Amino acid sequence: MLVFAKIKSIQQKIKELPKGTSIGFVPTMGALHKGHLSLIERAKRENDIVVVSIFVNPTQFDKQEDLINYPKTIDSDLSLLKSVFCDIVFTPTAQEIYANSIVSTSFNFDGLEHQMEGKFRTGHFDGVGTIVKKLFEIVTPTKAYFGEKDFQQLQIIKKMVEKNHLHVKIIPCDIFREEDGLAMSSRNTRLTNEHRSAAPFIYKTLKEAKIKFGTENALDVIQWVENEFKKHPLFELEYFEIADEDTLLTIKNKNKQQKYRAFLAVFAGNIRLIDNISL
Ligand code: AMP
């Protein structure tokens, strides 16, 4: 496994690959877990080589405190990557990526950026768009793998690729969960024992909402979920929304032709968790 921290070095290596080598790319912020590995294993199966980037991107954090506290576990990340036969790891510094100007480009994602996470995390998707575009330019992937855990991010990346005519195929990957249902996340390690033990409540509520959505109208389901969280002593719901999968616009009237998904963000103490389910 080759590890590069410099743009020039990874680009040189990629230039030397035999013509036609397919590159599967998995961008991450490190603190790797089995959810990340499921993307990498899939990329490995579907491409000649796999490149993983580890970069905690400062421009996508709206709260400095969250950036500082984001878990950084580079040694164990590298051994996990070796264990799944990752070929190339890219671990740049912020200086390498942004030089002396740590700012985002402004993007227009046709409104996708104004929904859900966009309402609560100012500038987050400009930061995501900026880093993913830069990484795509450096790595020149054939296919890039993104988890449905961050469903809005996945749709935004697809939009960016389409609008900029980038030559990369975006592959959505299923949400990987703990056995008790909690969606795997690098942030889970920062939960208190009490919050961690109670956390299966989140997915359990989403699954019940899905069942209710089969027979009840969306407003009733939304109210039911909000109420379940109000009753819970440990979690504070930031939002729960039912939206069209493609436009991410909030549901108005249920329409059989459309595909819907339920999305939520919840605070467990000061740790913010997100999850979603296809309805
Ligand atoms: P992150 O390191 O959190 O930026 O995540 C890197 C990639 O892994 C993103 O495409 C995420 O959506 C994906 N990912 C993170 N957690 C999961 C999970 N539990 N299941 C599937 N994909 C995930």
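The shell around the ligand splits into 8 nonpolar, 6 polar and 3 charged residues; here Ala, Val, Leu, Ile, Met, Phe, Trp, Tyr, Cys and Pro count as nonpolar, Asp, Glu, Lys and Arg as charged, and the others, Gly among them, as polar. Keep in mind that this is a predicted model, where local features need pLDDT of at least 70, side-chain atom pairs count only at pLDDT 80 or more, and totals for chains, interfaces and linings use all residues. Numbering runs from 1 along each chain as its sequence is written, and side-chain values use heavy atoms, with hydrogens and water left out.

Of the 17 residues around the ligand (a heavy atom within 4 Å), Met29, His36, Asp150, Phe176 and Met184 come nearest. Among the elements (DSSP runs numbered from the N terminus: helices, H or I, of at least four residues; strands, E, of at least two), β2 (23-28), α2 (34-46) and β5 (143-147) each supply at least two shell residues. The top contributor is α2, with 3 residues.

| Residue (backbone atom) | Ligand atom | Distance |
|---|---|---|
| Met29 | oxygen | 2.9 Å |
| Gly147 | oxygen | 2.9 Å |
| Phe176 | nitrogen | 2.8 Å |

The protein covers 93% of the 480 Å² of accessible area (Shrake-Rupley, 1.4 Å probe) that the ligand has on its own.

Now for a sheet. Three strands form an open one in the order β7-β8-β9, paired antiparallel; pairing takes at least two DSSP bridges. At its edges sit β7 (235-244) and β9 (271-278), each pairing on one side only. Between β7 and β8 (residues 260-268) there are 9 bridges.

Definitions and conventions
A polar contact is a pair of N or O atoms within 3.5 Å; within protein, one must be able to donate a hydrogen and the other to accept it, and residues adjacent in sequence count only if both atoms are side-chain atoms.
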